[in-house]
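Hi,

Here's the structure I said I'd pass on.

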Amino acid sequence: MGLFDFIENMFKKDDKLIDQYIKDDREYIKENSELRNKKVLVLGLSKSGIAAAKLAKKRGADVYLTEGKNITEDKLPQVKELEALGIHVEYNGHSDEFINNAKIAVTSPGIPPHSEIITKLREKQIPVISELELTYGESATPFIIITGTNGKTTTTALIEHILSKKYKVKACGNIGQPPSDFADEELDYFVCEASSYQLEMSPTLCPFIAIWTNFTPDHIDWHGGLENYFNAKARVFRGAQTPSYATILNAKDEKLLEFSKSVRGVVTPFLFGDNITNNSCYIENNEIIYKYDDYKEKIIKLEDCPIIGEHNYQNIMCAIICAKLVLMDNNTIRNAIMEFKAPPHRLEKIRTLNGITFYNDSKATNPEASIVAINSFNNTDVTLIAGGRDKNTDLTEFCEAVKKHIKTVILIGEATERFEENLIKNGFTNIIKESTMESAIDRGIKLNPEVILLSPACASFDMFTSYEHRGEVFREYVLSRV
């Protein structure tokens, strides 16, 4: 039986019987958790660590949460809350008392796999999993997993928005709250943004639908190499035990297209007019088409899409395929897309002032992410604000995109000198250097371009606490100008 037949037959069943089956499954998991009366170690007083500790405690585990760093005063209420639930908490180090005899350890995404604590746990043969893996084993709700170097958050938010028109769904993971927070809610799907950090530590996770938006070099130091980074994401698609029912991936990416040949189950690619298969989503005559078997359906015109640029059209195609796989009708999908507003800091239109339109793309923390934003503008006078903490990735393609689409580059932050050197070496010399975000915006306004685009191609930590903070500073100052 093919995927589409399987899904159609599943949905033809009596809805009340399905609901009762899932309810019974949830109750069974609660009453028969393998965590009951086991010592569970949770690493990190992070959002996901706290959620994992609470879920493990609900399931009857003896929970020990260990934080390697000292904690700030604002964390004390969370510590007291956990201790009130009977969870043991320590900070400023990982003691043998907490580690010894643990049956399993749940790690936070920020702790690298080669860290001292992870190494120590592996030496003691204590299995280490992610909070995502924990939730998968302790919830009956099917997962829709979205991963990729760029585009994850927008795709996750869009899928939640569309599916919520018919189903009870919750966007979770990197986009907001950990899935552990919703493990016992009566949901139809988790729509979960998952990083390579989480997937590397999720050995048995088998989502209902797995989506890979794209793959470009990032987090190389964390994973210890590009192949390790790729394999961390690939794990969930290959399936340690069983494959996902459906895989959605970017067929324009040659590495992903080649990888798709090794994926079990049905693969539905999204692409831009090449290698169209029976099951695919693509753009033809400025319209997004969904094709399956011998059927070809026109879903939405590009001019009706509220988010612009090739990368956002890819995000929309991901969401369309996902919605079709759970049997949503075209009118509902189209109307939901037209209502959608992109998450902040992702090619977010802030305002138009005196003929200049300002876009906040602070989430572009690597050159590849900036390239897709830069490529969204054709035949337009664009001033680009870039720079920050350098990730030391190759800038050749970034410089080529700048030469093609950008009139002026304003550089800020620690990466200024290397970016300037590479731009000049690649033939682009219209460069201005500024010391603050505000002065960069002021200088850009004096140039009177059609567009001022913040797309840094760098991390934010030299001048800001996060990419969100950087984007907020940009937004607030732009809105303050009169």
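First, the housekeeping: it's a predicted model, so local features need pLDDT of at least 70 and side-chain atom pairs count only at pLDDT 80 or more, while totals for chains, interfaces and linings use all residues. Residues are numbered from 1 along each chain as its sequence is written, and side-chain values use heavy atoms, with hydrogens and water left out.

The largest nonpolar core has 43 residues (buried Ala, Val, Leu, Ile, Met, Phe, Trp, Tyr and Cys joined through side-chain atoms within 4.5 Å; buried is under 20% relative accessible area, exposed over 50%, partly exposed in between, with a 1.4 Å probe and protein chains only). Helix α13 (310–325) gives the most to this core, 10 residues. (Helices are DSSP runs of H or I, at least four residues, and strands are runs of E, at least two, numbered from the N terminus.) Ile320 is among the residues with the most contacts inside the core. A separate second core, of 26 residues, includes Phe377 and Val409.

Now α17 (416–425): its buried residues are Thr416, Phe419, Glu420, Asn422 and Leu423. They fall within an arc of 170° seen down the axis, so they line one face of the helix (the arc uses directions from the helix axis to the C-beta atoms). Glu421 and Lys425, on the other side, are exposed.

Lastly, Asn174 sits in the loop between β7 and β8. Asn174 counts as partly exposed because its relative accessibility is 38%.

Cheers
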